[in-house]
Amino acid sequence: MSKFYITTPIYYANGSPHLGHAYTTIASDVIARYQRMQGNDVFFLTGTDEHGSKNADKAFEHKTTPQEFVDQISAEFQLLFDHLNISNDIFMRTTSDLHKQGVKKFIQTLKEKKVIYKDTYEGLYCIGCEKFITEKELVDGMCPDHKAVPKKIKEENYFFNLKKFLPELKEKIKSDELRVRPEKMKKEVLALLDQDVLDNFSISREGVDWGIRVPFDEKQTIYVWTEALQNYITALGYGSSDEAYVQKYWPADVHMIGKDIVKFHAIFWPALLMAAELDVPKQVFAHGHFTINGDKMSKTIGNVIDPHDLIKNFSTDAARYLIISQFPFGEDGDIKEEKFIEKYNADLANGIGNLFMRTLSMTERYIGSVPERSDDEAFGNIEEVWKKYHHHLENFETFEAAQLIMKFVAKTNEYAEKNKPWELAKNDEKKLQHVLYNMIEANRHIALMIRPFMPHTSKMMMAELGTTEMLEQRQLDSEKWGGIDAGTSITKPAPLFMRK
Ligand code: MSP
């Protein structure tokens with residue numbers, strides 16, 4: 001058994017969660033559940049990023065205090081993740097005492113290591129990005145991501161000596177000691193390091209009240225990104241009286257993020273860790289962004305999809321599946337709302353749902369229980385399917401893994417069409433038993449494979465097949481063909497997915 005520490009970004013508590021947040025979190029949950037299914041000791045983190053001007057300004061707009069505001073938004077995130085059946089081990093909040101004490105120790109450590117110094121920052125700051133921005137990055141005088149004119153600021157800050165760590169960091173990325181993936185992201189990050197454009201950056205702010213005070217300078221608060229990144233170790237108790245989890249789980253096996261925040265995770269964060277003499281994460285995986293019907297998701301355009309609506313319209317498991325099965329995880333893509341229904345009917349109602357229903361109904365009608373296995377032949381090259389399945393999920397290819405499962409479902413449905421058990425029932429009892437055995441066993445494999453994607457459906461299927469104990473077993477044993485016991489009584493199940 002090995003440990004596996006996986007994180008999502010912690011999301012800004014400046015507004016209700018949307019499909020973008022759900023997207024990263026569901027994909028990470030699939031990976032976390034997959035790793036648990038392999039018997040690994042998983043620690044899965046998600047949470048909210050609660051300090052800084054971005055959150056404080058929103059609180060002001062809502063005529064409430066920052067703390068009250070982030071409490072409410074953070075609760076909304078937690079509720080959504082509960083409804084999406086996210087299996088996080090911790091929900092991290094940057095306003096928690098656990099976080100604050102760890103951050104203080106980290107900043108103190110940077111001071112002791114003499115990697116921070118006081119200087120004046122004079123330049124631009126985009127509150128939307130919560131980042132310092134240069135003239136060169138502006139388009140028509142505005143931040144290209146937020147279409148807003150950045151604020152001019154001049155203030156005393158503590159700066160981090162980033163440049164000192166860049167040559168070593170570059171080596172770590174090049175050699176994959178710190179893997180940045182997908183490959184194109186690694187190239188982008190290395191190009192950025194080659195161009196020599198990265199400068200030392202402020203790790204504190206002077207005029208921002210809503211933040212954690214610098215322990216040795218009460219006038220300063222810690223720059224929100226610097227402290228937010230630290231949540232990945234403060235969550236493990238870094239800086240507390242019990243650092244056992246830091247020993248056990250750090251370094252993170254993977255930080256899952258969107259491509260918008262690669263620089264922070266693949267450059268700033270590892271450099272800060274190196275400065276504090278802590279291990280860098282093993283991997284940063286940046287997925288693509290989606291648009292909705294071709295446009296960036298935005299309240300003004302009115303194309304925001306509320307994940308709660310997806311759950312209401314389709315069920316939790318279906319919503320999880322529909323979000324994952326849009327386009328490959330590492331790439332950009334477009335989500336078309338009308339496709340949800342199409343895909344739901346094709347893959348879930350007519351695919352898995354129909355296959356399961358017809359298999360069990362026929363077994364009940366013609367035999368009443370799981371028939372004896374009549375030969376050793378495995379249907380559908382199952383070993384090969386499992387091999388590909390593992391390859392995909394070990395590499396975070398959630399979309400490809402989902403497609404693979406659907407192919408196997410289609411193959412089993414074709415097998416039924418070809419062998420026509422309803423005809424065999426009239427004249428060939430032996431072959432009927434053989435075909436139905438294969439179909440039932442195929443359904444058992446499907447139930448196992450969908451487990452990280454649709455945990456509830458997986459469990460329902462296993463219960464109908466009388467094999468729930470397999471959910472506790474070592475996965476490898478359950479992957480062999482022939483795992484279902486003959487004689488298990490089978491009755492017609494309730495539909496898994498109603499057609500829409
Ligand atoms: N608070 C920072 C992260 C700090 S991590 C130490 C932040 N928060 S955020 O609320 O803006 O969330 C950004 C993340 O949301 C992206 O990296 C991505 O994971 C997810 N997404 C937001 N919009 C998205 C899309 N349109 N498409 C895919 N994912 C998107 O940045």
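Start by selecting helix H2, residues 53–61: its buried residues are Ser53, Lys54, Asn55, Ala56 and Ala59. Keep in mind as you click around that this is a predicted model.

Now show what sits over that buried side. The cover includes strand S1 (3–12), strand S2 (41–49) and helix H3 (66–83). Then step off the end of the helix to Lys63, which follows H2 and has a positive phi, near 55°.

**Next stop: the nonpolar cores**

Which residues touch the most other members of the largest nonpolar core? Select Ile6, Leu19, Ile352, Tyr389, Ile446 and Phe453; those are the ones, out of 98 residues in that core.

Zoom in on Tyr389 for a moment. If you ignore its neighbours within four places in sequence, Tyr389 is in contact with Tyr34, Met37, Leu404, Ile405, Leu448, Met449 and Pro452. There's another core too, lying apart from the largest one: it has 68 residues, and Val115, Phe132, Tyr158 and Trp269 are among them.

**Then the cysteines**

How many disulfides does the model have? With a cut-off of 2.5 Å between cysteine sulfur atoms, the count is zero. Cys129 is in no disulfide, and the nearest cysteine sulfur to it, that of Cys126, is 3.7 Å away. Cys129 counts as buried because its relative accessibility is 11%, under the 20% limit. Cys143 is likewise in no disulfide; its nearest cysteine sulfur is also that of Cys126, 3.7 Å away. Cys143 is buried as well, at a relative accessible area of 2%.

**Last stop: the ligand**

Select the ligand and bring up its surroundings: 22 residues, with Ile10, Thr24, Asp49, Gly258 and Asp260 the closest.

- Ile10: a polar backbone atom lies 2.9 Å from a ligand nitrogen.
- Thr24: an N or O atom of the side chain lies 2.6 Å from a ligand oxygen.
- Asp49: an N or O atom of the side chain lies 2.7 Å from a ligand nitrogen.

To finish, colour S1, helix H1 (19–37) and helix H7 (224–229), the elements that give two or more residues to the shell around the ligand.

Technical notes. Residues numbered from 1 in each chain as written. Predicted model: local features only at pLDDT ≥ 70, side-chain atom pairs only at ≥ 80, totals over all residues. Heavy atoms only, no water. Buried < 20%, exposed > 50% of the residue type's maximum accessible area, 1.4 Å probe, protein only. Helix = DSSP H or I, 4+ residues; strand = E, 2+ residues; numbered from the N terminus. Contact = heavy atoms within 4.5 Å. Core = buried A, V, L, I, M, F, W, Y, C linked by side-chain atoms within 4.5 Å. Near = heavy atom within 4 Å. Polar contact = N/O pair within 3.5 Å; in protein donor to acceptor, adjacent residues only side chain to side chain.
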